[in-house]
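Here are some notes to go with your first look at this one. Have the viewer open and follow along point by point.

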Amino acid sequence: MRDIAVFSGTAHPELAVEICAHLGVPLYPVRVSRFANDCLEVQLQANCRERDVFLIQPLVPPVQEHLVELLLMIDAARGASAGRITVVLPHYAYARSDKKDAPRISIGGRLVADLLTSAGADRVLAMTLHSPQVHGFFSVPVDHLHALRELALHFTGHDLSNTVVVSPDLGNAKEAAAFARRLGTPVAAGAKQRFSDDRVQISAVIGDVADRDVIVLDDEIAKGSTVIELMEHLRRLNVRSIRLACTHGLFSGGALQRLSDQEGVLEIVCTNTVPIPADKRVPKLRVLSVAPALAEAMRRIHNGESVSALFG
């Protein structure tokens, strides 16, 4: 079996360090420099020849900067005769651009997948893609992990006898149902209509939530407009308490503080697929690590073992 070599871009080096600690391998350095004309240059500062190379880089703000950095890392690994290049994408930001829902609109999820493949990626390891069809945008093998196990383990420490899992929309209902099965609770969903990136309307909540403790589950929370709209409906239906859970806690534009200030919110739970600066954190926030899951998936990919068995 060829040697493993792990590199990280500048998007989330803390996660990469944690992953390598679980794997028991070094995180090799990467030099990122900028020319006078503002173009980036990347140098992988370890031997890649015929090695199994893993490049860890979530696409987080500034997304375009980190995307170009990732493309250059892939190109550098390919030019250095890497045996295989696996892109580890804890967060694929362009997954939200997954359909043509207006005239003359781009489908960024597919375009960026093509860019990664053209740059030289042989395989992709992703965590909780926004929708199932994004998996099919890639022309190389994709191992798609989810964080339901980590989130469920956290909530099993609570009294769930009167709890219901609520999905903010019907598109996420299947994921919410799988999460509810893990917790042994019923599931409900909001009927959502989106008018713009930050303007949504929820007309109803489908399912019995009155007098219940609610766990709202979403794949990511950015500005929080959907969750805030949903919580207004839940309060009108007299829920007892609200806990928020998501895989990708982007929390842009002061969303974390706004969510924390909402009436009835006891806890906000996310994973560390994206970095959350210490100065933006609030007392109600709990951040769970997905480094063990990503490290185990990387080990299985390297050894030619089943990754889907992780979810058996």
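1. Let's start with the annotated part. The UniProt record, an unreviewed entry, places the feature "domain: Ribose-phosphate pyrophosphokinase N-terminal" at residues 5-120. In the model, which is a predicted one, the end C-alpha atoms of that span lie 16 Å apart.

2. Next, the aromatic rings. How many aromatic pairs does the structure hold? There are 3. One of them is formed by Phe7 and Tyr28, a tilted pair with 5.8 Å from centre to centre and 40° between the planes. This pair links distant parts of the chain, since Phe7 sits in strand β1 (residues 4-8) and Tyr28 in strand β2 (residues 27-28), 21 residues apart. Are the two rings' residues buried or exposed? Phe7 is buried, with a relative accessible area of 0%, whereas Tyr28 comes out as partly exposed at 23%.

3. Another pair is Tyr92 with Phe138. Their ring centres are 5.6 Å apart and their planes meet at 50°, so this pair is tilted. It too joins distant parts of the chain: Tyr92 is in the loop between β6 (84-89) and α3 (108-119), and Phe138 is in the loop between β7 (123-127) and β8 (142-145), 46 residues apart. Both Tyr92 and Phe138 are buried.

4. Now have a look at Glu267, which lies in strand β14 (residues 265-271). Glu267 counts as buried because its relative accessibility is 7%, under the 20% cut-off. Which side chains make polar contacts with the side chain of Glu267? One is that of His154, at 2.9 Å, and another is that of His158, at 3.3 Å. Beyond its neighbours within four places in sequence, Glu267 is in contact with a group of residues that also includes Phe155, Ile242, Arg243, Leu244, Lys284 and Arg286. For a sense of scale, pick Gly83: it is 184 residues from Glu267 along the chain, and their C-alpha atoms are separated by 45 Å.

5. Staying with β14, move on to Asn272, in the loop between β14 and β15 (285-288). At 11% relative accessibility, Asn272 counts as buried. Its side chain and that of Ser289 are joined by a polar contact of 3.5 Å. Leaving out residues up to four places away in sequence, Asn272 touches His12, Leu15 and Glu18, along with Val287, Leu288, Ser289, Val290 and Ala291.

6. You'll find Thr185 in the loop between α5 (173-183) and β10 (187-196). With a relative accessibility of 11%, Thr185 counts as buried.

7. Last, the cysteines. How many disulfides are there? The count comes to 0. Cys48 is buried, with a relative accessible area of 2%, while Cys39 counts as partly exposed at 39%.

Key:
Residues are numbered from 1 along each chain as its sequence is written. This is a predicted model: local features need pLDDT of at least 70, side-chain atom pairs count only at pLDDT 80 or more; totals for chains, interfaces and linings use all residues. Side-chain values use heavy atoms; hydrogens and water are left out. Helices (H or I, at least four residues) and strands (E, at least two) are DSSP runs, numbered from the N terminus. Buried means under 20% relative accessible area, exposed over 50%, partly exposed in between (1.4 Å probe, protein chains only). Contact means heavy atoms within 4.5 Å. A polar contact is a pair of N or O atoms within 3.5 Å; within protein, one must be able to donate a hydrogen and the other to accept it, and residues adjacent in sequence count only if both atoms are side-chain atoms. Rings of Phe, Tyr and Trp (its six-membered ring) pair if their centres lie within 6.5 Å; planes under 30 degrees apart count as stacked, over 60 as edge-to-face and the rest as tilted. UniProt positions are given in the numbering used here, feature names are shortened, and annotations may be inferred rather than shown by experiment. A disulfide is a pair of cysteine sulfur atoms within 2.5 Å.
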